Amino acid sequence: MESRLSSLTIILVLVLLVACEQPREHTAPAIHDRDSVSMMTTYGVNTLISDSGVIKYRIVTERWDVNTIKQPTRWTFERGIFLEQFDDQFHIEGYIFADTAWYYDQLKLWELRGRVRIRNVNGLVFRSEELFWDGMKHEFYSHKYSKVVTPERELEGTYFRSDEQMRHYEVTNSVGSFQSSDLEPEEEEQPKEQEKNKNKSAADTAKQEPPVRQAAVRHKATTKSVQP
């Protein structure tokens, strides 16, 4: 009888211990690097951006991340960006395309990577794998191979700098090709100069030639008979 009671006591104690155990939650480890967390992530973006109360740009992208923890703070466009620029009358001045882009909002600096393409209202096309757009200095620059194509010429080089409208730019360590029309004035002047020199030489030659002496004419002698 006592053995039965002891067995029941042990069983009851085991049941109580199992019943008192609290369930365990399976949680992921905490994220310690807060810099990797974006404050805002937006998908399928097509929005207008204003500057000083005037609409200046349109941004189209698949994903837009805003991070205010990283220093400097930034917007990230890891899936590409298409950006249109407008003038004060809301006319399109040009567009910018890149595979990846970062905008450092406090510095007003764009960093574009991958297939970077720009086209402005004058028909200029810019191609490179890197481009920086400094909004404080109002200029573009690149330290990688760049190609500039305009209706008149093509330029290639390893360093590029330009104003925001890409009307005044420089390309260093460059090679380029130009249309033949750029050389036409020089080509027209050369034949004229040659013709002038030819006429001058002919005139000088005529002056130096001695006068032609008239050929002598022989007269046949005649005799008259005198009669006594």
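## Aromatic pairs

The structure holds twelve aromatic pairs; rings of Phe, Tyr and Trp (its six-membered ring) pair if their centres lie within 6.5 Å, and planes under 30 degrees apart count as stacked, over 60 as edge-to-face and the rest as tilted. One of the pairs joins W75 and Y103, is tilted, and has 4.9 Å centre to centre and 55° between the planes. This pair links distant parts of the chain, with W75 in strand 3 (residues 74-77) and Y103 in strand 6 (residues 100-104), 28 residues apart. Strands (E, at least two residues) are DSSP runs, numbered from the N terminus.

Y103 has a relative accessible area of 14% and is buried. Buried means under 20% relative accessible area, exposed over 50%, and partly exposed in between (1.4 Å probe, protein chains only). W64, W75, F77, Y103 and W110 form one aromatic cluster.

## Basis of the values

This is a predicted model, in which local features need pLDDT of at least 70 and side-chain atom pairs count only at pLDDT 80 or more, while totals for chains, interfaces and linings use all residues. Residues are numbered from 1 along each chain as its sequence is written, and side-chain values use heavy atoms, with hydrogens and water left out.

## Salt bridges

Side chains of opposite charge can pair when their charged atoms come close. A salt bridge is a side-chain nitrogen of Lys or Arg within 4 Å of a carboxyl oxygen of Asp or Glu, and by this rule the count comes to eight. Among them is the bridge between E84 and R58, at 3.2 Å from N to O. E84 lies in strand 4 and R58 in strand 2, so the pair ties together parts that are 26 residues apart in sequence. E84 counts as buried at 16% relative accessibility, whereas R58, at 26%, counts as partly exposed.

E130 and R113 also meet in a salt bridge, at 2.8 Å from N to O. This pair links distant parts of the chain: E130 is in strand 8 and R113 in strand 7 (residues 109-120), 17 residues apart. E130 is buried, with 6% relative accessibility, and R113 is partly exposed, with 24%. A further bridge joins R161 to E139, where the closest N and O atoms are 2.6 Å apart. Here too distant parts of the chain are linked, with R161 in strand 12 (residues 159-163) and E139 in strand 9 (residues 139-142), 22 residues apart. R161 counts as partly exposed at 25% relative accessibility, while E139 is buried at 14%. Salt bridges that share partners join E111, R113 and E130 into one network.

## The largest pocket

Rolling a probe the size of a water molecule over the atoms shows where empty space is left. On a 1 Å grid over the protein atoms alone, a cavity is a set of points where a 1.4 Å probe fits but cannot get out, and a pocket is an open set with protein on both sides within 12 Å along at least five of seven lines; lining residues have an atom within 4 Å of a point. Grid points are joined across faces, edges and corners, and a volume is the space filled by probe spheres set on the points.

About 530 Å³ of space lies in the largest pocket. Its lining has 22 residues, and D51, K56, Y57, W133 and E164 lie nearest the centre. At least two lining residues come from each of strand 1 (40-51), strand 2 (54-67), strand 4 (81-86) and strand 8 (125-134). The lining divides into nine nonpolar, five polar and eight charged residues. In these classes Ala, Val, Leu, Ile, Met, Phe, Trp, Tyr, Cys and Pro count as nonpolar, Asp, Glu, Lys and Arg as charged, and the others, Gly among them, as polar.

## The cavities

There are two cavities of 30 Å³ or more. The largest cavity has a volume of about 170 Å³. Of the 14 residues that line this cavity, Q85, E93, N120, E164 and Q165 are the closest to its centre. Strand 5 (92-98) and strand 7 each supply at least two lining residues, and strand 5 gives the most, with four. By class, the lining has six nonpolar, four polar and four charged residues.

The second largest cavity has a volume of about 30 Å³. I81, L83, I96, W110, L112 and W133 line this cavity, and strand 4 and strand 7 each supply at least two of its lining residues. The lining of the second largest cavity has six nonpolar residues, no polar and no charged.
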